[in-house]
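Hi everyone, thanks for coming.

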Amino acid sequence: MKAASGTRIGWRDLPGGVRSAVEQIIGDEVVSAVSQVGGFSPGTADRVVTRSGGRAFVKAVSPAQNDTSVRLARQEATVVAALPAGVPAPRLLGRHDDGYWTVLIFEDVEGRNPRTPWVDRELAAAVAALRELARAATPAPLTGLPAAAEVLRPLLAGWRNLAARPPADLDPWVLAHLGALRAAADRALLAVRTGETLVHLDVRADNLLVRPDGTIVLVDWPHACIGPAWLDSVLLGLNVIVHGGAPGPAFAEVEPGVCTDALAGFAGYFLDIGRLPDPPGLPTVREFQRAQGAALLPWIRARLSTATPSQ
């Protein structure tokens, strides 16, 4: 499956004053910058190298690209600055915010995204990284983050929205099982009310980096919330289903009924939101969301009738 991406600007598109502020934080002049592919933000995502050979990863965005991306960048800076040392994530070196441009400067992690379709070794490393996160971030190391149930309530209403306004091309099996799908999403919303872990909530192959030693770090933290640790595992398995591979290791420590209910809820979200127009600067996101919903449906269809409902 082709990953969605934004219409991304680069390092040289930043105003000179913003670039100077970044160089002051890094402590040296930037002499080269390589834009990274993937991800949804229309802002910069550049690996930069300084005159003395230093390296950093720079993300910058303004309202001219996307208002929501600015809010998310500020939220990510707050989250990453508070992450404990045991969390497998890049270290935040500094930030610049002039009220218009928001810039985050991270350590540059040597690594690449996991291969898709997923391979067993890299999936095992991703599962291990999520266990590290749960150990280091339970209880959550910062206050003020939303609860997972608060964040997911509108997302898990997808089947209700589709039932209220069924599109003409809605899958016939979905149309016949909307009641069961709505009930599964409702159970999932109840299940995510528990837990006190800092949850990444956006675990996908393009938000993971495989380091040369085979271990994995998680990047892009703007959606972090507080909830059950198993939620990130379900999202990892979802990504495996979407891109291909055997999701079993991701689901190994998740109660089967809860797993099925959560994935049913996310499938409804993808199919519902995929009907909307593309947001500014993100011309492929709706296509990607529709494709994720379509990829999940066969898995849900095979398991919904046999999974034990969560309580």
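A quick word on names: helices (H or I, at least four residues) and strands (E, at least two) are DSSP runs, numbered from the N terminus. What makes me point at Leu201 is its phi near 70°, a positive value in a residue other than glycine. At 13% relative accessibility, Leu201 counts as buried; buried means under 20% relative accessible area, exposed over 50%, partly exposed in between (1.4 Å probe, protein chains only).

Before I go on, some housekeeping. This is a predicted model, where local features need pLDDT of at least 70, side-chain atom pairs count only at pLDDT 80 or more, and totals for chains, interfaces and linings use all residues. Residues are numbered from 1 along each chain as its sequence is written, and side-chain values use heavy atoms, with hydrogens and water left out.

Okay, another residue with a positive phi, again not a glycine: Asp220, near 65°. You'll find Asp220 in the loop between β8 (216–218) and β9 (225–227). Asp220 is partly exposed, with a relative accessible area of 23%.

Now the sheet. In what order do the 5 strands of the open sheet come? The order is β1-β2-β3-β5-β4, and the pairing is antiparallel. The edge strands are β1 (30–35) and β4, each of which pairs on one side only. From one strand to the next, the twist averages 25°. When I say that two strands pair, I mean that DSSP finds at least two bridges between them.

Let's zoom in on β5. All 5 of the 5 residues of strand β5 (residues 102–106) are buried, so the strand is largely enclosed by the rest of the structure.

Who are the partners of β5? Strand β3 (residues 55–61) pairs with β5 in the antiparallel sense over 5 bridges, and Ala60 has Val103 of β5 as its bridge partner. Strand β4 (residues 92–97) also runs antiparallel to β5, joined by 5 bridges. There, Leu92 is bridged to Phe106, and Gly94 to Ile105. The hairpin of β4 and β5 has 4 residues between the strands, and Gly99 in that hairpin takes a positive phi near 95°.

Next, the helices over this sheet. Helix α1 (residues 16–26) lies across β1, β2 (44–50), β3, β4 and β5, running at about 150° to β4. Helix α2 (residues 67–81) lies across β3, β4 and β5, at about 35° to β5. For those angles, axes are lines fitted to C-alpha atoms, for helices over the stretch in contact, and angles run from 0 to 180 degrees between N-to-C directions.

Between α2 and β4 there's a loop, and Pro88 is in it. Pro88 is buried, with a relative accessible area of 6%. What does Pro88 contact, leaving aside its neighbours within four places in sequence? The answer is Ala129, Glu132, Leu133, Ile216, Val217 and Leu218, where contact means heavy atoms within 4.5 Å.

While we're on prolines, two peptide bonds deserve a mention. The one from Thr116 to Pro117 is cis, with omega near 0°, and Pro117 lies in the loop between β5 and α3. A cis peptide bond also joins Thr138 and Pro139, with omega about 0°; Pro139 is in the loop between α3 and α4 (148–155).

Last stop: Leu133 comes back, now as one of the residues that line the largest cavity. Leu130, Ala134, Thr197, Leu198, Ala229 and Asp232 are in that lining too. The elements that give two or more residues to the lining are α3 (120–136) and β6 (197–199), and α3 has the largest share, with 3 residues. On a 1 Å grid over the protein atoms alone, a cavity is a set of points where a 1.4 Å probe fits but cannot get out, and lining residues have an atom within 4 Å of a point.

That's my tour, so over to you.

How values were computed
1 Å grid on protein atoms, 1.4 Å probe; cavity = no way out; pocket = protein on both sides within 12 Å on 5 of 7 lines; lining within 4 Å.
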